[in-house]
Amino acid sequence: MATARRPAAQNRTATRRRAARATVLYARAPAPLALRDGAGTAVERLGVRKTYKLFIGGEFPRTESGRSYLVYGARGELLANACRGTRKDIRDAVRAARKAQPEWATKTAFNRGQVLYRIAELMEGRRDQFVADVMAAEGVGKQRARRLVDAAIDRWVWYAGWADKFPQILGNVNPVAGSYFNFSIPEPTGVVGIIAAQDSALLGLVSRLAPVIVSGNAAVVIASQTRPLPAITLSEVIATSDVPGGVVNVITGLRRELVGHLASHMDVNALDGFGLEAAAVTAVEEAATDNVKRFARPPSGGLDGYDWLAPAAQSPYLIGEFVEIKTVWHPIGV
């Protein structure tokens, strides 16, 4: 009996102790996150400055070098740190793109259109963040930033609609003087490197990326060096959309350390140099064409004053810059 009473006493003691601890906790006043001069007055929180990472294979790794660089806004304010990508990061991105491209190319055109539309849906949900990013990066007002973001979202939708239609424009049934049918059919080129425009950090990037991937290519993007944040925010959207990992890869860093490696990479099939500065075009084109890459040049007058909002900035023929035309002969009557 004495043995049975001891646990009951212990339980009462434990109950009293738990109640006492609970009373102390609940009576405690909530403490401010930060104090000033020990007086207990809350002050503004310290800013949580983000360190943006790369986007490779559907994941967000740090650069293998561990280096980063400071990103400033158009008005000179410090915005964030971005990864300073390296040659190895380019290689990893190309490897991820090469692995993902065949499966992406085999998806139906209808499905690829759905995926591009999903990107637009998610961008719409984060529209305010994109507007803030564009305002900080490009130094434009809120109304102008909204217009640029809306155009970028609309551009995804526009190319989504072309996913199952561009083959009818770029392909053909050719006249043949013989007992044969002759078909020309567009097929994706493979892995496409994209050097994004420096000044138009979001709309310029979307305008060149969407026509590349809608046909089944995979892309390795070198983001704007001075304005990389909208590109990384876009990669966060792509990571949560239905785009398979590796179809889009984004590298940030210094162009002098990255562009040459991407242009000369032997496993890249085409290079979009639309975002290059005029002085660098010839050297990059020579590096790209060493292994017979397709190369898209920037406008002859450069991108200064180029209107990314103009109708000419979107076209089904831009899809044609990064597809191969396969011609099939078939005899009649067999």
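Q: Is L303 buried or exposed?
A: L303 counts as buried, at 18% relative accessibility. Buried means under 20% relative accessible area, exposed over 50% and partly exposed in between, with a 1.4 Å probe and protein chains only. This is a predicted model, in which local features need pLDDT of at least 70, side-chain atom pairs count only at pLDDT 80 or more, and totals for chains, interfaces and linings use all residues. Residues are numbered from 1 along each chain as its sequence is written, and side-chain values use heavy atoms, with hydrogens and water left out.

Q: What is the place of L303?
A: L303 is in the loop between strand 10 and helix 11 (316–319). Helices (H or I, at least four residues) and strands (E, at least two) are DSSP runs, numbered from the N terminus.

Q: And what does L303 touch, not counting residues up to four places away in sequence?
A: Its partners are A197, F274, G275 and W308, where contact means heavy atoms within 4.5 Å.

Q: Stepping back, how many helices and strands does the chain have?
A: The chain comes to eleven helices and eleven strands. Of its 334 residues, 45% count as buried.

Q: What share of contacts between residues at least 6 apart in sequence join residues at least 24 apart?
A: The share is 76% for this chain.

Q: Now the helix pairs. At what angle do the axes of helix 5 and helix 7 cross?
A: The axes of helix 5 (residues 142–162) and helix 7 cross at roughly 5° and come within 9 Å. Helix 5 is therefore roughly parallel to helix 7. Axes are lines fitted to C-alpha atoms, for helices over the stretch in contact, and angles run from 0 to 180 degrees between N-to-C directions. Angles under 35 degrees count as roughly parallel, over 145 as roughly antiparallel, 65 to 115 as roughly perpendicular and the rest as oblique.

Q: Which residues make that contact of helix 5 and helix 7?
A: Helix 5 supplies L148, A151, A152, R155, W156 and Y159, while helix 7 supplies L203, V206, S207, L209, A210, P211 and I213. By class, these are eleven nonpolar, one polar and one charged. Ala, Val, Leu, Ile, Met, Phe, Trp, Tyr, Cys and Pro count as nonpolar, Asp, Glu, Lys and Arg as charged, and the others, Gly among them, as polar.

Q: What about helix 7 and helix 8; how do their axes cross?
A: The axes of helix 7 (residues 203–213) and helix 8 (residues 229–239) cross at roughly 45° and come within 10 Å. That angle makes helix 7 oblique to helix 8. L205, V206 and L209 of helix 7 meet A231, L234 and I238 of helix 8. The contact divides into six nonpolar residues, no polar and no charged.

Q: Is the crossing of helix 7 and helix 8 left-handed or right-handed?
A: Helix 7 passes helix 8 in a right-handed crossing. A crossing is left-handed if the near helix is turned anticlockwise from the far one by less than a right angle, and right-handed if clockwise.

Q: And helix 2 with helix 9, at what angle do the axes cross?
A: Helix 2 (residues 87–106) and helix 9 (residues 255–264) have axes that cross at roughly 40° and come within 9 Å. Helix 2 is thus oblique to helix 9. The contact involves R87, I90 and V94 of helix 2, together with L258, H261 and L262 of helix 9. Its residues are four nonpolar, one polar and one charged.

Q: Changing topic: which residues of helix 10 are buried?
A: The buried residues of helix 10 are V281, V284 and A288. They lie on the same side of helix 10, because they cover an arc of only 75° around the axis, the arc being that of the directions from the helix axis to the C-beta atoms. What covers them includes strand 6 (191–195), helix 9, strand 9 and strand 10 (294–296). The face turned away from the buried side carries the exposed residues A283 and E286.

Q: Where does A278 lie?
A: A278 lies in the loop between strand 9 (270–272) and helix 10 (281–289). A278 is exposed, with a relative accessible area of 62%.
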